[in-house]
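The structure comes first, and the notes follow.

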Amino acid sequence: MTLFTENYFNELFDFSQLDRTVSSTVRLAAKNPTSFYKFLQRYCYFNGYASSVIARLASSIAMSRYLFMDRNTFDTEQADRGFQISAEVMVAASDEGAYEITHRELAQLLLKTAGDYAQLSTGERNQMATIPTWLEEIVRETMDKYQGTPGNAESLIKAMGFHAASELLGDREYALIDMIIRHENKGIGFDRYLRNETSATRIREGGHRYDPWCYVVIHGKYEGTGAEARHFIHVLNALNMIAPNRPESEEQINEWILEGFKSFVELQQSLFRKIYQECLEVSHQTQKADLILA
């Protein structure tokens with residue numbers, strides 16, 4: 001029986017190539033304060049939906065009573081394993097608001113700080129909050145493929161593969177963002193702004209203090225791990241519970257999981273390529289403005 005591990009997926013996908021799409025986008029965005037704000041706005045917008053819909057997937061699995069049944073247990077009620085699989089998925093959803101501050105609030109704090117760094121007016125920030133059609137299409141496809149359909153084994157198994165890719169790639173994305181902004185550009189750009197301008201403006205919630213960069217490192221960080229890596233371990237637990245509790249062949253289950261995984265990979269790559277193009281446009285506009293002023 002296939003044992004799903006991180007190495008299993010590493011052997012099937014070229015993550016170094018996928019990482020290059022992410023890192024090139026972040027490096028381009030980091031060169032210009034306005035493009036960096038746009039990058040964060042697009043990235044936070046997408047992730048707000050990707051993280052929210054995890055609860056729907058967990059619910060869809062839990063509602064699928066008698067769909068995941070232990071083949072070695074003949075008492076129907078005792079054989080039902082759906083809720084156990086659901087619980088492994090739900091870990092990621094519960095983390096979104098399990099502490100004194102939600103991940104959405106952390107994203108808002110980071111965006112406000114990045115907007116201040118770029119010296120953007122409220123009007124300019126609101127203009128960037130107008131979501132382009134391409135991003136709405138990616139979000140809709142993400143929600144459709146992430147949530148699964150209650151009672152439909154194929155849909156739910158593909159969605160769990162989709163979820164696995166979301167967590168694994170998310171861990172790598174946040175680590176790359178942290179590496180580029182806080183290590184490659186240490187002491188300059190946004191890193192310098194964070195160190196010099198926001199040390200006294202951390203928000204206080206429930207007696208705790210939160211740095212604007214918490215949004216990144218709580219999920220993943222350079223030379224370390226965050227919530228995404230922990231969530232991925234729980235996803236692997238869920239994936240490894242499927243085959244012993246379904247009648248399909250191991251080959252069929254693997255095919256469904258990999259189809260879902262690949263679907264998210266394609267969406268992630270499309271997201272970063274589109275953001276790259278938007279950041280490139282911002283850079284060109286800035287250069288033209290500088291030439292006019294000169």
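## Basis

Contact, or touching, means heavy atoms within 4.5 Å. The model is predicted: local features need pLDDT of at least 70 and side-chain atom pairs count only at pLDDT 80 or more, while totals for chains, interfaces and linings use all residues. Residues are numbered from 1 along each chain as its sequence is written, and side-chain values use heavy atoms, with hydrogens and water left out.

Helices (H or I, at least four residues) and strands (E, at least two) are DSSP runs, numbered from the N terminus.

## Ser35

Ser35 lies in helix 3 (residues 33-52). Ser35 counts as buried because its relative accessibility is 0%; buried means under 20% relative accessible area, exposed over 50%, and partly exposed in between (1.4 Å probe, protein chains only). Not counting residues up to four places away in sequence, Ser35 touches Leu28, Ala29, Cys279, Val282 and Ser283.

## Helices 7 and 11

The axes of helix 7 (residues 103-117) and helix 11 (residues 189-197) come within 11 Å and cross at roughly 105°. Helix 7 is therefore roughly perpendicular to helix 11. Helix 7 contributes Leu110, Thr113, Ala114, Asp116 and Tyr117 to the contact, and helix 11 contributes Gly189, Phe190, Tyr193 and Leu194.

Axes are lines fitted to C-alpha atoms, for helices over the stretch in contact, and angles run from 0 to 180 degrees between N-to-C directions. Angles under 35 degrees count as roughly parallel, over 145 as roughly antiparallel, 65 to 115 as roughly perpendicular and the rest as oblique.

## Trp213

Trp213 sits in the loop between strand 2 (208-210) and helix 12 (214-217), and is buried at 3% relative accessible area. Among the residues that Trp213 touches are Leu110, Phe190 and Leu194.
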